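Colleague: Could you walk me through this one before I set anything up?
Modeller: Of course, have a look first and then ask away.

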Amino acid sequence: MTTALSPAATGAVAALALAAAMSVYLLLSPGPVRLSRTRRRPGTEGTNALTGIANAATGAVEKILRRRGVRVGALERAGLKMRPQDLVFLVLVGAVAAGAIGLALAGPWLAVVLALLAPVGAKAYLGILAARRQRAFADQLADSLQLLASTLRAGHSLPQALASVAREAEEPTSEEFARVINETRVGHDLTEVLEETADRMGSQDFVWVTQAIAINREVGGNLAEVLDGVGHTIRERHQIRRQVKALSAEGKLSAYILMALPFGVVGFLSLSNPQYLAKFTQGVIGYGLMGLSVVLLVVGGFWLSKTVKIKF
């Protein structure tokens with residue numbers, strides 16, 4: 001005895017299969033085949049149907065982004081070697097897959113919620129990668145300045161010193177300084193490139209380094225000594241920041257526990273005594289109390305975040 005699938009379930013299965021196929025292709029497909037120049041002929045590149053569909057989709061997304069003037073700077077801050085149109089297309093595929101799963105499990109409402117979670121999750125993931133990369137750059141900055149000052153003191157020019165940092169430093173510092181060197185070689189002004197790097201990495205300390213280099217290029221002086229002074233100041237700031245982080249760790253842990261406590265209590269009661277929570281869904285007063293609790297939870301979370309977050 002066979003049971004026919006409903007139209008909603010059939011659409012969910014089809015959308016999920018399409019999303020899975022496109023995701024597998026984007027993640028596992030090999031790169032384009034490189035041919036020698038002697039064998040290249042116009043229009044002879046072989047492409048299969050799936051490759052053509054993926055290229056057409058990413059091309060359409062690129063045209064939309066270019067027409068709207070959208071520039072995904074989060075990819076640069078996160079250090080991902082991916083084109084913006086590929087990221088947007090991958091997020092759309094993820095949204096389709098999540099929506100199909102929600103539609104198959106519980107209906108259109110869950111499908112909409114899961115589809116909206118895909119771009120939110122992608123943005124949060126990029127934010128985590130960018131914050132981790134910026135934090136690593138800030139931790140390596142003092143050592144990078146020491147290497148830069150030592151190279152200048154040895155008699156090398158500023159571009160040579162920057163290239164030395166790009167070779168010797170760890171990522172992401174080496175990657176950012178290599179980008180500075182490459183952009184200056186194609187004609188960009190060094191000060192502007194350093195300012196873009198400071199803005200991309202979100203480092204106020206590197207802003208000071210950029211200003212010191214710009215002032216030295218205009219008025220002259222011993223740049224090595226200036227960088228030594230800036231590096232010493234940055235080390236002291238990092239030491240104070242670590243002390244503040246250690247002293248505020250207990251408050252942050254308390255905030256996390258207080259924010260997770262309501263969800264833990266609700267989960268425990270829903271498993272141990274579901275009838276106790278069922279009263280909240282049987283009248284207007286119950287829904288009002290749930291809405292009020294959500295508002296108070298948001299306000300409390302905002303207040304706790306401002307309490308444990310210290311800026312100096």
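**Talking through the model**

Colleague: What is the overall make-up in helices and strands?
Modeller: This is a predicted model, and the protein has 13 helices and zero strands, so that is the make-up as DSSP runs define it.

Colleague: And what share of the residues is buried?
Modeller: Of the 312 residues in the protein, 29% are buried.

Colleague: Which residues does UniProt list as "transmembrane region"?
Modeller: The UniProt entry, which is unreviewed, lists residues 12–31, 87–106, 112–131, 253–272 and 284–304 under that name.

Colleague: How far apart are the end C-alpha atoms in 253–272 and in 284–304?
Modeller: For residues 253–272 the end C-alpha atoms lie 27 Å apart, and the span is 100% helix and 0% strand. Over residues 284–304 the distance between the end C-alpha atoms is 30 Å, again with 100% helix and 0% strand.

Colleague: Changing topic, where is the patch of negative charge?
Modeller: It is on the surface, where Asp 189, Glu 192, Glu 195, Glu 196 and Asp 199 gather. Of these, Asp 189 sits in the loop between helix H7 (173–185) and helix H8 (190–201).

Colleague: Why does Asp 189 count as partly exposed?
Modeller: Because its relative accessibility is 34%, which falls between the 20% limit for buried and the 50% limit for exposed.

Colleague: Last one, which residues does the cis peptide bond join?
Modeller: Glu 171 and Pro 172 are joined by a cis peptide bond, with omega at about 5°. Pro 172 itself lies in the loop between helix H6 (158–168) and H7.

Methods: Residues numbered from 1 in each chain as written. Predicted model: local features only at pLDDT ≥ 70, side-chain atom pairs only at ≥ 80, totals over all residues. Heavy atoms only, no water. Patch = residues over 30% accessible without salt bridge, like charges linked within 9 Å, V, L, I, M, F, W, Y side chains within 5 Å. Areas by Shrake-Rupley, 256 points an atom, 1.4 Å probe, with all protein chains shown as cover. Salt bridge = Lys/Arg side-chain N within 4 Å of Asp/Glu carboxyl O. Lys, Arg positive; Asp, Glu negative; His and termini not counted. Charge placed at Lys NZ, Arg CZ, Asp CG, Glu CD. Helix = DSSP H or I, 4+ residues; strand = E, 2+ residues; numbered from the N terminus. Buried < 20%, exposed > 50% of the residue type's maximum accessible area, 1.4 Å probe, protein only. UniProt positions renumbered as here; feature names shortened; annotations may be inferred.
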